[in-house]
Structures are given as C-alpha cells and as structure tokens.
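Welcome, and thanks for opening your viewer.

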Amino acid sequence: MEYSYLNDTLVILTATVAVVFLVLRIGLPPLVAYLTVGVLVGPYTLGLVSDVEHIRTFAEFGVVFLLFTIGLEFSATVLTRMKASVLGLGSAQVLLTAALTTTAAMLLGLPLESALVIGAVVAMSSTALVTKQLADQVELHTRHGRNSVGILLFQDLMVVPFLILVSMLSGNSVEASTHIILTALGQGVLVIMLIFAFGHWVLSPLFQAVARFRSAELFTLTVLLLVLCSAWLTNQIGLTFALGAFLAGMMLSETEFKHQVASDIRPFRDVLLGLFFVTIGMMLEVPVLPEIWSTVLLMLLALILIKFLLVAVFCLLAGWNSAVSMRTGLILAHGGEFGFAILILAMEGNILSPIEGQILLATMLFSMVLAPIIIRYNAKITTLLIPKQVQQSRQEIKSEIISNACQLNQHVIVCGYGRIGQHSINYLSEHHIPCMAIDLDSIRVKNGMAGNKSVSYGDACSLELLHACGLHRASALVISMIDFNTAMKIISRVRSVDTELPIVVRTRKELHLYQFYQAGATEVVADTFGSDQMIDNDLLIRIGLTKTSEGLSGSDHLADIFDKA
C-alpha cells in the first residue's frame, strides 16, 4: 500500500521546517518560506508532491480559522465603531480599484469577462498577512492598523459577490444567474439570522456549561465544532466557508470566553494557514517565468503603486493626516489569499487563458513576498518620504499628552482604556490616587474625556509618549491590555530607562506569568473571566501606593495574584 498523503505531508513538513529556519535566521517573515517551499516542491519544479488538489482543499481551512479569529477581534460593537473604515474606506478602495483595473485591462485588449476577473483579484489584499504582521509588530490597534483591518473586512465581505460574478461569467445564463443570486441572498440572510440567534441565546450558556468541566480537550473540541458547523452551514447555501467562520467568531466575541477561544484555535490557524500559502506557491509554473517576467514586473509595479496611491488618497479624503494615510496605503499594497481563490475559479472556468492566469498568479505571489518587508518598515518608509508630516503628527499627539500630564506627579499611568483600564482609572480616582490613561482607540478616548477622565490618545508602546505622560514622575505603571506582545514591548522599553518603577500587568496564561516577571514586571495579576478590575487595596500596598487598608473596600477584590513560586 502506498501512503501518498503521508508522503506528501512529510515532504512538505520537512521542507517547511528547514526553509522557515533559514528564513527566520536572516530576519524575514515565515510567509516567504511558505511560498518558497510551495514553489520548490510543487509539480512545476522538483515535483516532490503528487496530489496538490487534495492538499489545497485541506489547506483552505487555514483561511477559515483566520476569519474566525478576526471575528473574535472585531465584534458587532467594534464593527459599528469602525463603520467609517469598513463601509467608507473599504467600499471606496475595493470598487474603485476593481473599476480602474478592469478599465486598464480592457484598454490593453482583454475581453470584458477577463478584465472583470482581474479587477476583482487586484482589489483584494491579504487579511492573513496583514493581521499577523501587524499583530507581531503591535500595530493592529493603531490608526493605520484599524484603517487597514477595516478595509480588509470589507474586502472579505466582497469575496461572496465576486465569486458569484466569476461563476456567472463561467457560463450560466443571465436569468439563471439572477435567480441563483436572489435565492442565495435570501438563504444567506436567513442563515446569518439563525447563526446570530444561536449565538445570542445558546452559545454563552453552552460554553459556560463546557467550562464547568475544566477540560481543555472538551473546550477545544467545542470550539472546533462551532467553527466547522458555522462554516459548513454557510457553504451549504452557496456562501464561503470563511464567512461562516467569521460570523462564528463575531458571536463568541461578545462572550467572556473570546480570549481563551483565540488561544486554543491559534495553533490550528497558523499551521493550516502556512499550508495554504505552500499550496499557492505550488501553482506557479516556474518554467513559464522566463517568457513572462517583463510583464509580471510591470504588473507588480503597477499593482503596488495603484493600490498604495488609492488607499492613501481615500484616507486623506476621510480626514486622516498624510502619515497615517501613507502607512495604510503601504500596508495594503499587495495581493491577497481571496484573490487567489477568485483566480483559481476563473482559471477553472476558462475565463482567463493559462498564460494570463500565470502572469496574474506570479504578480500576486511576488507582491505577497514583498508585502511583509513593506509592512515591517512602513513607519521608516513613511518617515523617509514625508519626514516633516510624520514629525508633525507625532508632535501633535505628544503635545496633547504633555498638556494632560503636566499637573500630575507621583501618578499611575494606565496603558489601555478598555473595560479593565476604565475600572482601574475609576478605582484609583475613588481612592484619590492621581492617574492617567493612554489608549489608541479614539472613541474610547473621546468618551473618557467626555466623562472628565484623564485619558489621552497615544501608543503605550512608544517610550517617547510614555515620557510625555510623565514616566519619570510616575509612581507606577499599569498595563491593562491582555495582549502579550504589547505588554512585553511596554515592559522592556520602560525597564530600559527605569529599573525601579513598579509595573503591574495582567495575564490569563501561567506561561506568560514567568515571562512577564523575567522581563521586569513587579506584579502579575491573574485575570479571571468576567472580572472587571485588576487593582485592589492589597496590590496597592505591595507596590507602595498606600500603606494602610483603612477606608478601602476589600469587597472589590478582583483577581488573585499568581504565586511567584
């Protein structure tokens, strides 16, 4: 018996481990390794993998889990707050990019059907690449990060009509296609309503019941079942797997289990997403490249410049300054995984010729190889191109923070003004301890200022802005955000200039507890699901902010402190 699937899996894993190791050694992101492995082991180069189609079908679940985790981060409440970037910037970018690309393709002599497909493909950017890279760089919740994610979410929602369009162009009649669209629309609305009804009335009680068993296996299995069932349901009515997964994530984002779910699902997402990019690399016909390289180079340059300029201009028109606009444009100036999905369907439907498909595939693939580098250095590129505007943007934020902090002394700086940060500020204010918060969510900041709270807009990871908050005069620093990378970045930067300042951080993972203490945290608070605070009187005594517990309520105890031992 031949174990072809096992053989292919071993080949891919061996090559991936080796290439990822080499790529990380030279400081490049793993995505470059995945695409390289796909090109090397695919049927058009070394031919080490025999069943590409089977592996690609399996790998598509990487995109499913990606959209699920995005849904966890961006709940219905967050989407409502982000409607300007999702509906405004997103719709403008997708529709105009598609329209301009379609027009350009027709002027070059391509038929309308092919031009429409190219327009749809070029309009997409990579949600997987951007969200992971920005999260690693702790830029996901910055102004340019939120704009980018808002535009990407609209792109993801447009995948469904684009796929329907490609199916129509593949041969269905107009009448049949119209009937299909109307039927799919009705079914889609019904299923989405059912999914949200299930999430509202069933999901939270279900996970509470599962959590009572304190079984990690049962909890993870329940999460996987939810994701796959939701994806299957939307697929059954002609929508994408990814849309169902996204809706499932949005449902769970409103519960107290969202962070634990995200932690459990991440290993599945990262492995399968890596496999997805490997299969994209396998599709590239390397022997054809010498014939098309000049066309690919021109299209690559056009794709990056057009998407960069369009996104930057739309951001400027939306009222963002030039620095934020340029950084958003740089982040989205590449192709995306859903563009590959549209392209594959178009090639299978003979809308694009094999050579046209390969030109477009190579262009998108090379743009995605360049994208992590452009995203990583988006700040440096922007500073190089418009240094005065960048400095002006930074100075405006810094001046406002200095103005808010100038009257404070021996105060507590709270990094993050979310639910926990707000309760921390309230607790400190009630006990007459001077404090201020810094957050990247402009709406939170606006609401806080409307409530006469000392809160300023800014990036807590920026040492310059922390100094503007009066870091050298502060009595303690509280990191209320749960994101591990963000917290570690703040701790390391503060400890580089101050080794004595008490730093309090919260965590949901025991593993992170030891890493935080090693990085220089003074106190690590164990965050419990449903808890609203991370500061109590005992904690204030331990870090030296108060010497007596008289007059302070012990009933507001919010979480036990992990035993350092």
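At what angle do helix H7 (residues 112-123) and helix H17 (residues 354-376) pack, and how many Å apart are their axes? Keep in mind as you look that this is a predicted model.

**Stop one: a helix pair**

Select residues 112-123 and 354-376. The angle between H7 and H17 is about 15°, and their axes lie 12 Å apart. Because angles under 35 degrees count as roughly parallel, H7 is roughly parallel to H17. The crossing of H7 past H17 is right-handed.

Now show side chains at the contact. From H7, bring up Ser114, Ile118, Val121 and Val122; from H17, bring up Glu356, Leu360 and Met364, which they meet. Coloured by class, this contact shows five nonpolar residues, one polar and one charged.

**Stop two: helix H2**

Next, select residues 30-41, which form helix H2. A quick distance check works well here: with 12 residues at 1.5 Å a residue, H2 should span 16 Å, and its end C-alpha atoms are 17 Å apart, so the two values agree.

Which residues of H2 are buried? Highlight Leu31, Val32, Ala33 and Leu35, then Val37, Gly38, Val39 and Val41. While you turn the view, recall that an α-helix has 3.6 residues a turn, so residues three or four places apart point the same way.

**Stop three: Ala135**

Move on to helix H8 (residues 127-136) and pick out Ala135. Is Ala135 buried or partly exposed? Its relative accessible area is 29%, so Ala135 is partly exposed.

Then draw a C-alpha to C-alpha distance from Ala135 to Asp483, which reads 9.3 Å although the two are 348 residues apart in sequence.

**Stop four: two loops with positive phi**

Finish with a pair of backbone angles. Zoom to the loop between helix H10 (174-211) and helix H11 (216-236), where Arg214 sits. Phi of Arg214 is near 50°, a positive value in a residue other than glycine. Arg214 has 79% relative accessibility and therefore counts as exposed.

Then jump to the loop between helix H21 (442-450) and strand S3 (455-457) and select Asn452. Here phi is near 60°, again positive in a residue other than glycine. With a relative accessibility of 72%, Asn452 also counts as exposed.

Terms used:
Residues are numbered from 1 along each chain as its sequence is written. This is a predicted model: local features need pLDDT of at least 70, side-chain atom pairs count only at pLDDT 80 or more; totals for chains, interfaces and linings use all residues. Side-chain values use heavy atoms; hydrogens and water are left out. Helices (H or I, at least four residues) and strands (E, at least two) are DSSP runs, numbered from the N terminus. The expected span of a helix is 1.5 Å times one less than its number of residues. Buried means under 20% relative accessible area, exposed over 50%, partly exposed in between (1.4 Å probe, protein chains only). Axes are lines fitted to C-alpha atoms, for helices over the stretch in contact, and angles run from 0 to 180 degrees between N-to-C directions. Angles under 35 degrees count as roughly parallel, over 145 as roughly antiparallel, 65 to 115 as roughly perpendicular and the rest as oblique. A crossing is left-handed if the near helix is turned anticlockwise from the far one by less than a right angle, and right-handed if clockwise. Contact means heavy atoms within 4.5 Å. Ala, Val, Leu, Ile, Met, Phe, Trp, Tyr, Cys and Pro count as nonpolar, Asp, Glu, Lys and Arg as charged, and the others, Gly among them, as polar.
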